[in-house]
Amino acid sequence: MFATSTVFRWLSKCKPSPGFNSNIFSFLQRRVEKGEQLYQYCSLTIKGLSLKQQLQWDPNSHRLQGFMDFGLGALDADETPLASETILLMAVGISGHWRAPLGYFFVNRASGYLQAQLLRLTIGKLSDIGITVLAVTSDATAHSVQMAKALGIHIDGDNMKCTFQHPSSSSQQIAYFFDSCHLLRLIRNAFQNLQSIHFINGTAHWQHLVELGALGEQELANMERLPRKLTNLKNHVLKMNCAAQVFSESVASALECLLSLGLPPFQNCIGTVHFLRLINNLFDIFNSRNCYGKGLKGPLLPETYSKINRVLIEAKTIFVTLSDASNNQIIKGKRKLGFLGFLLNAESLKWLYQNYVFPKVMPFPYLLTYKFSQDHLELFLKMLRQVLVTSSNPTCMAFQRAYHNLETRYRLQDEVFLSEVSILDISIARRTDLALWTVQRQYGVSVIKTLFHKEDICQDWSYCSLSEALLDLSDHRRKLTCCASYIANKLSALLTCEDCISALYASDLKVAKIGSLLCVKKKNGLHFPSESLCQVINICERIVRTHSRMAVYELLPKQRELYLQQKILCELSGHIYLFVDLDEHLFDGEVCAINHFVKLLKDIIICFLKIRAKDVVQYPLKHHSERLEMKTLSRKYWSPLQDYRCSGFANTNKFRHLLSNDGYPFK
């Protein structure tokens, strides 16, 4: 939030201290009193952060820092316990794109009862200024479960109660959610620990994911039998996309494909496919972040409720029948919280729909369920860690100063924190331990290396003269493809977004990418990059060649790199047909977020410029000597070249095509 310069001024005057931030509450109250509908309803998120227990002298306040502090006055007696945790509270607008850190508290032990009391106080203070809290979100830890029970929530498959009474109104209830990312992690731990999970539709085996992570690369030409839809893909290879989430539609589709190919380790994976797909559908329902989203990733509204409700009913029907290898019911055992958490979230979501969306008089035409996620607070913590100097747990004084610096340094616009990281990126980062590459590492499967050496690709292309460009266009195309293939492999090991990795490789247009297995073309050990990636690399090389003959190379390396990045991005802005596979992916993030299309272009440009810079150091540019040499050439060496340019072959469509988009960039 904090859209005006006035907010920045009073934030600068705030003294860093624990407790509720009265200035934030005053700002929210003024917005509500102005009649702004976007500030009338919010969700509340709470989270604890570990601190280093240490006393420090603060010269500004002239007292010791490190004791417990609730913002009610200094507690610096010898018998006062040292703070071991800080509890943070954040309000997130249900309709508007705003999020407000409400304050923090230094505590010795963040018990569930203490957090429940802080929540009641916060809800009461927001109610006093005219803001209604619809839901509370926490992570799924032992203290959070204790807090939920202290509020009146029942987490039991037979007796589920998803709401608790508003502390300021006996007629109002508040829904409770567990963070979906945390629930996914708990289910993954349960799946790996139990190895096999039995339910009414079959059995899910963890070993199928281990085999999938160890699959590596499989050439379709070597398969004994192929499905009819893949018979024309003899020159293709199934290349593992290790960024794919364990619980995702892509992994489920990949297992189905491997089953159809007849590979022995995947012959009984139908139950695993069904289980993974169900968990993925649940996460999509509780992670909708765009009003234009498709399917289960779309908003909760009357037109989509029946489809969403069917998935929730199916989940409840299956979860109550889950059992381990010893036929013990899972939701009554030690690994139950992940499954019960999703069942509680389902009840809370249905309650919100029935009370705030379905009635025509209610203010919400739809709900985006990512509003009930801890991603917003995680984004704030990421920004906070960037301000902190220490990498380990901060002390009370370090946290206090970083929190104050964050409030005063980051000016916010349009009710959204200014950050290079979007909420979608935070969600992906929080689930990196749920990707296939973690399964690879845990079971000792080595990550697949590139099939060609950097030395074969990273050569100085400035040696290519004009005559070489005209007489040997195929050589340029080969170098361009090799460089793009190298960049695709390099970025695929760095990117965490499965869809962005898929966009780097060429795939047959008649066959969709097979889930987490990329159906990519391959020749002579090289993976074919996508045409969009080749176009970007072609433009990058053209811009670098153009400006290599200018004064830009007299700049410092960092300045030169930023200058070239700007020029390349400016040139790419006119190409609207790049990476069309990411068009649908843009609806996975919130409307106001930084999209992955732009970030992918930046990553490609940066990677290319690093390769190009190393080549220039190894093979210095020789354009000045080339000009001198061409000026001293006798006329007899020029005439054959002129004759070649004027020949009939130069007028063919193939030659014009090579000279335009796919050939050497002289236009």
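Student: Which residues have the most contacts inside the largest nonpolar core?

Tutor: First, the idea: a nonpolar core is a set of buried Ala, Val, Leu, Ile, Met, Phe, Trp, Tyr and Cys residues joined through side-chain atoms within 4.5 Å. Buried means under 20% relative accessible area, exposed over 50%, and partly exposed in between, with a 1.4 Å probe and protein chains only. In soluble globular proteins, nonpolar side chains tend to be buried together. Here the largest nonpolar core has 165 residues, and Phe275 and Phe319 have the most contacts inside it.

Student: Which helix gives the most to this core?

Tutor: Helix H10 (residues 337-357) does, with 12 residues. Helices (H or I, at least four residues) and strands (E, at least two) are DSSP runs, numbered from the N terminus.

Student: What does Phe319 touch?

Tutor: Contact means heavy atoms within 4.5 Å. Leaving out residues up to four places away in sequence, Phe319 touches Leu278, Ile279, Leu282, Ile331, Phe339, Phe342 and Leu343. Another core, of 25 residues, lies apart from the largest one; among its members are Met90, Leu368, Leu381 and Tyr403.

Student: What kind of model is this, and how are residues numbered?

Tutor: This is a predicted model: local features need pLDDT of at least 70, side-chain atom pairs count only at pLDDT 80 or more, and totals for chains, interfaces and linings use all residues. Residues are numbered from 1 along each chain as its sequence is written, and side-chain values use heavy atoms, with hydrogens and water left out.

Student: Which strands pair with E5?

Tutor: Two strands pair if DSSP finds at least two bridges between them. Strand E2 (residues 41-50) pairs with E5 in the antiparallel sense over nine bridges. There, Cys42 has Gly93 of E5 as its bridge partner. Strand E6 (residues 99-107) also pairs with E5, antiparallel, over eight bridges. Ala91 stands opposite Ala100 in E6. E5 and E6 form a hairpin, with five residues between them.

Student: Why is strand E14 largely enclosed by the rest of the structure?

Tutor: E14 covers residues 517-523, and five of its seven residues are buried, so it is largely enclosed. Five bridges join E14 to strand E13 (residues 236-240), and the two run antiparallel. Val237 stands opposite Val520 in E14.

Student: Which residue in the turn between E14 and E15 has a positive phi?

Tutor: Asn524, with a phi of about 55°. The hairpin of E14 and E15 has two residues between the strands. E15 is residues 526-527, and it pairs with E14 in the antiparallel sense over two bridges. Lys523 stands opposite Leu526 in E15.

Student: Is Ser492 buried or exposed?

Tutor: Ser492 has 15% relative accessibility, so it counts as buried. Ser492 lies in helix H16 (residues 473-492). Not counting residues up to four places away in sequence, it touches Lys239, Ile501, Leu504 and Tyr505.

Student: How many helices and strands does the protein have?

Tutor: It has 23 helices and 15 strands. Of its 667 residues, 53% are buried. Among contacts with a separation of 6 or more, 75% join residues 24 or more positions apart.
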